[in-house]
Amino acid sequence: MAQTNNFPETRFELEIPDPLKTDEFILNMGPQHPSTHGVLRVLLKTDGEIVESATPYIGYLHRTFEKHAERMTWPQVVPYVDRMDYLASMNNSLGYALAVEKMMGLEVNERAQYLRIIVSELNRIASHLVFLGTYGLDVGAFTPFLYGFRERERIIDLFEEISGGRLLYNYIWIGGVAFDAPDGWLEKVNEFCDYFEPKIKEYNDLLTFNKIFIERTANVGVIPADLAINYGLSGPTLRGSGVNFDLRKNDPYCIYDRFDFNVCIGKGEQGTVGDSWDRYYVRIEEMVESAKIIRQAVNQIPDGDAKETVPRNVRVPAGEIYFRTETPRGELGYYIVSDGGKNPVRVKVRAPAFCNLSILPAVARGTMVADLVAILGSLDIVLGEIDR
Amino acid sequence: MEPILKLFTDLLPGLSQLPYWLLATLAALIAALVLFGFIAVFALFAIWLERKISAHMQDRLGPMEVGGWHGWAQTIADTLKLLMKEDIIPEKADRILFKLAPMIVFSVSIASFVVLPWSRDFIPADLNVGLLYILSISSLAVIGILMGGWASNNKWSLYGAMRSVAQIVSYEIPISLSLITVILITGTLSMQGIVQSQQGNFLSWNIFHYFPFMFVAFVIYFIASLAEVNRTPFDLPEAESELVAGFHTEYSGMRFAFFFLAEYANMFIVSAIAATAFLGGWLPPFSFLDFIPGPFWFFGKALFLVFVQMWLRWTLPRLRVDQLMYTSWKVLTPFSFVLILIVSFWQLLTL
Amino acid sequence: MEAKEIYQRLKDAFQDDILEFNAEVLQPFIKISPDKTEEIAQFLRDEDDLEFDYLMCLSGLDLGENLGVVYHLYSMKFNHKIVLKTEVSKEQPNVNSVADIWRTADWHEREAYDLLGINFVNHPDLRRILLPDDWEGHPLRKDYQPPKSWHGIPVTLANEEEQDGANE
């Protein structure tokens, strides 16, 4: 494709008119590398420690989800969407279920709605905890990883109790949820919130306000708000750039409009608005907000049968829909086309991490190899979702 | 050498019949074996300790099975595993340098043990330039690391090696400068002499000399020594999240174990130097504790500093390369120069 | 702004390139001609009362005879949405790229090219993104037949091959 170069800041013909310049060092970071969070390959051209260009190559985890979906019945797709963003399965299946329900015009039972909110917010906390841990690893601190996993373990235990799964749950079904909450489960959720909220201070003491951590992340990988919007970033990555945009508030779905919570945005407390530290801190603050939502949901949940509205035969009328929800990584959109048949004609997934990763070449240039790791970590990518 | 020879002839009077050269060789060999044994055992112990410390800091237990009591035999089992692993040399590697690198790194660590004073009488060789000897011999390790990184023919290894050279060369300066303040006070380069000049209770240790200036010197030395032995927050040459495993990416089996052993031996050496130069070496903190033998104090002080190193490792994130250089050249080095000036003037004034 | 008004604005500005408007469906869409996507996108993004600064999603579709591209747009400022659609034939699947207007489109267009073989004219770097560079065919087309193997790695499972054989 011999076309003109339309946006040179993301392409990599860097010309430095320097007679002393020697060869650049071409380095393959990944697909097996400790901090590419899976099987991402980033082709680096470096000048010593300085990155001249970083080109992500994706697709190593491509499992042809979209092709599979065309051959399956509507409910059969649910376990597959679980496997996209495997750190936030609940949020993924919530988006799919809501999209299909909207096409069918299905009203979901109140109790099931509350249960959905509780599990997806719990999953948001779990996902952000993994982020906290792996981000610590990326900048060289090992201990936060186990701190994060300690709390995540309790969430996973709760999920195991309600759905039977510990990573992939297949819990949120079209029309409701797979199981009602077992006795005493909601009290345990409340207990978890009591246990969890004080732990935030521990993370902040250990990592967030550590001088070295701030040095490593503040002013590193600054993404200005307009660039972030243009690249289609979403979720904490977008909010880190100071854009007050959360689908739970701005385009409410499910019953999020019933809860009182704040949208956390990056304020540039330690450096510039939109740096890696801001993106990190937005996620830490979001965990507190999620805990707030969970508490409210547990208090308000009505009695009833959560499985009441699950249809036996899913028949989706012909039509199409684009439905978006806020997962821990950002805007997860399903573009679903139906011809009224047994299976979808097309399920296109707009994966938040896919868009978030696409900004890497634009922010990586001129940083150091160590910064690149910090930036990549702050985008919080999950390759399962990018490659689908 | 002389004290050891004397020890030998005292233990076995028959040995004095032997010609001097044979006796000297024998004594040297045995001392070397003892040292090697000590390093190996200490490294095994330190690795186990590090695992346990990190585990307890991270709300878990660490090794609990092998050997029964708190998994004490875990590292022994691991070493056996490493010993029995296939010896892999990458096809495109420079074979000679690749094999030589771990040997150089390890022998440098052993060589540094020669001048460590364990007690009033026990020091393998009481060189009159002991401190200088240690400073110069420990710089040799960087050659081994560079060799290993270069010979592996791996880009990550090369990165690690380059970083390591830049780092160790830079941090040698604040280390030497902060030790010069000690030399100014004690007026000797001999390790034994440095310890003996700190006689008395703990207030006469160098660290409390000219308070707080020598304390600052100690802190500078300690920070720089972390960089010297590639420990967090200065573990850039290994930096597993950036460089996979840095200069030893391609090493496996026993060759890797040698790098590993050397790392733990080096941790002990820099701590032992700190204990000697600043914390009174084998001297007890109070003179009435004299009945406890010197090695206990020496080892205890060094081990405490090793523990602090581990503590830091499991707490702090890693610095970036430019920040590392900044810390050395713009913070530690100028501060140690200022300290040298202050200490010299103080010395002059109190003459 | 409602979909109807947006349609009127577009119709006034681009006349014949706006092919169809459908407000009967769940999410109203405007059908545009494939060789004017870039100009229309520019217009939608830069007009003061439209300001569609956020491309939510860009999807490729196999419509049987034709290939379709669907753009879901959103305005952060006005909180309104619109769906644009365009259709091209399978023989000449040329659509003008909007990667310069919204960089989100860069990778999404590469994905549509990769999986459906839609050629985005003026895309800065149109390469395969999810599949290997030397892969043949575009798997999301309904008539796609997977190869038996790729560089010696079997692609189709043994029982699937039997099935295919039985069908023939």
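Predicted model: local features only at pLDDT ≥ 70, side-chain atom pairs only at ≥ 80, totals over all residues.
Let's start with the interface. Chain A puts 34 residues into the contact, and chain B puts in 26. Together the two chains bury about 2600 Å², with carbon and sulfur atoms giving 60% of that.

What about the polar side of things? We get 11 residue pairs in polar contact across the interface of chain A and chain B, both partners at pLDDT 80 or more. And where on chain A does the touching side come from? At least two residues each come from β1 (25-29), α4 (110-138), α5 (143-163), α7 (199-208), α8 (211-217) and α15 (369-379) of chain A. The biggest giver there is β1(A), with five residues. If you sort that side of chain A by class, you get 20 nonpolar residues, eight polar and six charged.

How many salt bridges run between chain A and chain B? The count is three. One to click on is Asp371(A) with Arg320(B), where the closest N and O atoms sit 2.8 Å apart.

Now over to chain B on its own. Have a look at helix α9 (residues 213-228) and helix α12 (residues 294-313) of chain B: their axes come within 11 Å and cross at roughly 60 degrees. The crossing of α9(B) past α12(B) is right-handed. So who's touching whom? From α9(B) you have Phe218(B), Phe222(B), Ser225(B) and Leu226(B), and they meet Leu305(B), Val308(B), Gln309(B) and Leu312(B) of α12(B). By class, that contact has six nonpolar residues, two polar ones and no charged ones.

Methods. Residues numbered from 1 in each chain as written. Chains lettered and ligands numbered in written order. Heavy atoms only, no water. Contact = heavy atoms within 4.5 Å. Buried area = accessible area lost by both parts, 1.4 Å probe. Salt bridge = Lys/Arg side-chain N within 4 Å of Asp/Glu carboxyl O. Polar contact = N/O pair within 3.5 Å; in protein donor to acceptor, adjacent residues only side chain to side chain. Helix = DSSP H or I, 4+ residues; strand = E, 2+ residues; numbered from the N terminus. Nonpolar A, V, L, I, M, F, W, Y, C, P; charged D, E, K, R; others polar. Axes fitted to C-alpha atoms, helices over the stretch in contact; angles between N-to-C directions. Left-handed = near helix turned anticlockwise from the far one by under 90°.
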